[in-house]
Amino acid sequence: MVNISGFFMFSLYKRINMSGDFKIYTKTGDDGTTGLVGGSRVKKYDLRLESYGTVDELNACIGVIRSFDIDVAVKDLLLKIQHKLFNIGSRLASDEKGQEFTAKLIVKNEDIEVLEKAIDAYHETLPELRNFILPGGELSAAQCHIARTICRRAERRIVEFAEQTPVQPELIKYINRLSDYLFVLARKLAHDKGIDETTWQY
C-alpha cells in the first residue's frame with residue numbers, strides 16, 4: 001500500500017493526465033519506491049519524500065486543531081492553510097516534468113501576508129510575552145504547539161532539500177511564517193478559554 005501523501009500526489013498527477021477510476025492501493029510502492037508528480041520514481045526515504053511527507057503530517061495535525069470548538073474565523077483560516085499545504089506538498093512532490101503540471105500551485109506573497117496579518121491581529125489581543133512559555137494548557141492550544149514543532153521540522157527538511165533541488169523561496173517563507181502563526185494561535189486559543197500560560201522556570 002502506498003503512503004497517503006504519496007498517493008495524494010500520484011492522484012493529482014493522474015487527475016491531470018488520465019481519466020477513469022483508480023484504487024487506494026496500487027501495489028507500485030511495494031518495492032520501496034513511490035511515484036512523483038511527473039512520472040519518475042524515488043526511494044521512500046528520499047529527502048523529497050521527507051519534505052512533503054512532513055508537510056502532510058503537519059496538515060493532518062492542523063486538521064485536528066480545526067476539529068475543536070474554536071472561533072469560526074480561525075477554523076476558516078486553518079482550512080485555507082490546509083489547502084495551501086496540500087499545494088505545497090504537490091509542488092515538493094513534482095519532479096522536473098511535474099513542475100509544469102503544478103505550476104499554478106505556487107505560493108504567493110499574498111499567502112504569506114495572510115498569515116502575518118493574522119499574527120498581528122491575534123497579538124494585539126494577548127498579554128505581553130515576557131518569558132518563554134511551556135507548551136500545554138488548553139487542549140486545542142497544546143495541539144497548536146505540536147503542529148508548530150512539526151512545522152519547524154518540515155521547514156528543516158525543505159531547507160535541506162532545497163540545497164539539492166530548486167525550491168520556490170516563497171514556499172520556504174510560508175512554512176517559516178506558519179510556525180510563527182501556530183505559536184501565536186496557541187496563545188490565542190488558551191487566552192480565549194481563560195487558561196493561564198505556564199512560563200519557563202529556570
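**Figure 1. Order of the elements along the chain.** From the N terminus on, the elements run α-β-β-α-α-α-α-α. That gives six helices and two strands. The model shown is predicted. The chain has 202 residues, and buried residues make up 43% of them. Take the contacts between residues at least 6 apart in sequence: 73% of these join residues at least 24 apart.

**Figure 2. Helix α2 against helix α5.** Helix α2 covers residues 47-66, and helix α5 covers residues 139-162. Their axes come within 9 Å and cross at roughly 165 degrees. Angles over 145 degrees count as roughly antiparallel, so α2 is roughly antiparallel to α5. The crossing of the two helices is left-handed. On the α2 side, the residues in contact include L47, L58, I62 and I65. On the α5 side, they include I146, I150, I158 and F161. Charged residues take part as well, among them R48, E50 and E57 in α2 and R153, R157 and E160 in α5.

**Figure 3. Helix α4 beside helix α6.** Helix α4 is made of residues 109-124, and helix α6 of residues 169-192. The axes of α4 and α6 come within 9 Å and cross at roughly 20 degrees. An angle under 35 degrees counts as roughly parallel, and α4 and α6 are therefore roughly parallel to each other. α4 passes α6 in a left-handed crossing. From α4, the residues in contact include I112, L115, I119 and Y122. From α6, they include Y174, L178, Y181, V184 and L185. Among the other members of this contact are D111 and E116 in α4, and K173, R177 and K188 in α6. The residues of the contact divide into 10 nonpolar, two polar and seven charged.

**Figure 4. S179 in helix α6.** S179 lies in helix α6. Is S179 buried or exposed? Its relative accessibility is 1%. Buried means under 20%, so S179 counts as buried. The side chains of S179 and R152 are joined by a polar contact of 3.1 Å. Leaving out residues up to four places away in sequence, S179 touches R148, C151 and R152. C151 is also one of the α5 residues that meet α2.

**Figure 5. Q164 in the loop between α5 and α6.** Q164 is found in the loop between α5 and α6. Its relative accessible area is 54%, so Q164 is exposed. How far apart in space are Q164 and L47? Their C-alpha atoms are 9.6 Å apart, while in sequence the two residues are 117 residues apart. L47 is one of the α2 residues that meet α5.

**Figure 6. R66 in helix α2.** R66 has its place in helix α2. At 30% relative accessibility, R66 counts as partly exposed. Which residues does R66 touch, not counting residues up to four places away in sequence? They are K75, L78, L79 and Q82. R66 and Q82 are 16 residues apart along the chain, and 9.9 Å separates their C-alpha atoms.

Key
Residues are numbered from 1 along each chain as its sequence is written. This is a predicted model: local features need pLDDT of at least 70, side-chain atom pairs count only at pLDDT 80 or more; totals for chains, interfaces and linings use all residues. Side-chain values use heavy atoms; hydrogens and water are left out. Axes are lines fitted to C-alpha atoms, for helices over the stretch in contact, and angles run from 0 to 180 degrees between N-to-C directions. Helices (H or I, at least four residues) and strands (E, at least two) are DSSP runs, numbered from the N terminus. Angles under 35 degrees count as roughly parallel, over 145 as roughly antiparallel, 65 to 115 as roughly perpendicular and the rest as oblique. A crossing is left-handed if the near helix is turned anticlockwise from the far one by less than a right angle, and right-handed if clockwise. Contact means heavy atoms within 4.5 Å. Buried means under 20% relative accessible area, exposed over 50%, partly exposed in between (1.4 Å probe, protein chains only). A polar contact is a pair of N or O atoms within 3.5 Å; within protein, one must be able to donate a hydrogen and the other to accept it, and residues adjacent in sequence count only if both atoms are side-chain atoms.
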